[in-house]
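Morning, everyone. Let me put the structure up.

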Amino acid sequence: MMQQKYGQITGWGAYAPSNVVTNDDLSKILDTSDEWIVQRTGIKARRWAEEGEDGISMALAASREALEVAQLDPNDLDLIIVGTSLVESLAPAVASYVQHQLGAKDVPAFDVSTGCTGFLYSLSTAYQFIATGAYENILVVGVEHISQFVDLDDRATAVLFGDGAGAVVVQATDEPCGLKGFQLGSDGSQTEKLKLGLTELIKGESSKATIYMDGRAVFRFASRVLGSACAQVLQQAGKTLDDVDWIVPHQANMRILQSAARDMGVPLEKFYINIDQYANTSAASIPLALAEGLNNGQIKPDDTILMVSFGAGLTWAATLVELSPKMVCAESMFELGELVAEPVM
Ligand code: UT7
């Protein structure tokens with residue numbers, strides 16, 4: 001009989017391409033404006049990968065940083081889970097490329113393809129393997145190379161997305177910290193509302209896979225589900241919003257966050273927001289925000305964080321996680337300023 005364990009986030013890392021694409025840059029090639037994008041979304045800039053950079057390289061950079069913070073050798077990993085819509089290949093999984101290039105010999109690896117909720121679905125899955133005692137050291141990654149799917153003829157979606165990666169290391173501990181509750185959901189009746197489809201590409205009707213989104217429908221869904229998923233996970237954990245230090249949401253639209261904050265009766269300042277700089281990085285947005293917040297000291301090593309996301313499916317996910325004081329060691333390492341691989345600020 002395996003012994004019940006808890007999961008501690010002992011390492012984190014993030015990577016964003018250095019190529020900054022501003023709203024003004026886009027307004028030179030699209031019928032759009034900085035004013036429209038900022039007012040409707042809160043986005044000022046996004047990072048788009050350049051030649052020689054791809055989803056695998058971004059995932060590796062974030063993963064290496066997370067492993068370094070955790071002081072864990074890749075060979076000591078028991079599992080790698082990658083949340084992504086990367087489509088480097090439909091098979092093998094992106095996680096297998098990451099596993100090999102990290103040098104994590106024979107470590108099991110798989111992807112979770114639930115769109116923007118991919119990281120929280122992956123993190124919730126990782127905690128289950130830890131809780132049963134099956135695995136002790138798990139790398140969880142969220143990565144997207146969405147710029148390769150951006151349709152520059154569709155201004156309604158082209159301005160919204162950015163590339164990036166974030167990763168955490170979750171390790172087993174006897175200390176009762178970690179996951180206090182999780183909620184996952186999918187409304188498959190809305191699969192057509194947000195889609196990165198391959199059918200047209202396979203049939204030769206399109207030269208590349210592109211994103212389709214019914215923006216208004218997704219906006220309505222997100223505004224409703226964000227608050228309800230948070231309420232459900234808090235109720236499950238027997239906690240209230242007063243017990244939460246930070247809400248780390250999927251960064252899709254500032255107006256969705258403002259509306260959720262209003263409905264939940266919490267100040268917007270309780271939300272960790274960096275959408276202005278990175279736009280919507282889909283499965284990467286939460287780990288990228290989490291790593292940034294931990295690196296800049298706004299999120300403290302013993303904070304309780306409520307992470308919440310929504311996206312293709314349409315899916316939703318929320319997790320309540322108590323970080324752990326053990327992370328103080330990792331944070332003090334960061335204060336030495338040695339471990340941040342690439343600037344993501
Ligand atoms: O992570 C996945 C989850 N995704 C989301 O959460 C996205 C949710 N949806 C949204 O964030 C918003 O619906 C959008 C930002 C995508 C769009 O904002 P909106 O306020 O819903 O705009 P709209 O689609 O209703 O369009 C309003 C107007 C239209 O013009 P007309 O028909 O009123 O003349 C659009 O053609 O804005 C026009 N428009 C633009 N104008 C300038 C659409 N995109 C642009 C643009 N620049 N980029």
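Start with helix H8, which gives the most to the shell around the ligand, with 4 residues. Keep in mind that this is a predicted model. H8 spans 215-237. Three other helices each supply at least two shell residues as well: H2 at 34-41, H6 at 155-158 and H9 at 254-264.

What is the shell made of, by class? There are 12 nonpolar, 6 polar and 5 charged residues. That is 23 residues around the ligand, and the nearest are Thr32, Arg40, Arg216, Asn253 and Asn280.

Threonine 32 puts a polar side-chain atom 2.6 Å from a ligand nitrogen. Arginine 155 has a side-chain N or O atom 2.9 Å from a ligand oxygen. At glycine 215 it is the backbone: a polar atom there lies 3.0 Å from a nitrogen of the ligand. How much of the ligand does the protein cover? On its own, the ligand has 950 Å² of accessible area, and the protein covers 76% of that.

On to the sheet. It is open, with 4 strands in the order E8-E13-E12-E11 and mixed pairing. From one strand to the next, the twist averages 10 degrees.

E8 and E13, residues 315-322, run antiparallel and are joined by 8 bridges. Leucine 179 has valine 321 in E13 as its bridge partner.

Conventions: Residues numbered from 1 in each chain as written. Predicted model: local features only at pLDDT ≥ 70, side-chain atom pairs only at ≥ 80, totals over all residues. Heavy atoms only, no water. Near = heavy atom within 4 Å. Polar contact = N/O pair within 3.5 Å; in protein donor to acceptor, adjacent residues only side chain to side chain. Areas by Shrake-Rupley, 256 points an atom, 1.4 Å probe, with all protein chains shown as cover. Nonpolar A, V, L, I, M, F, W, Y, C, P; charged D, E, K, R; others polar. Pairing = 2+ DSSP bridges. Axes fitted to C-alpha atoms, helices over the stretch in contact; angles between N-to-C directions.
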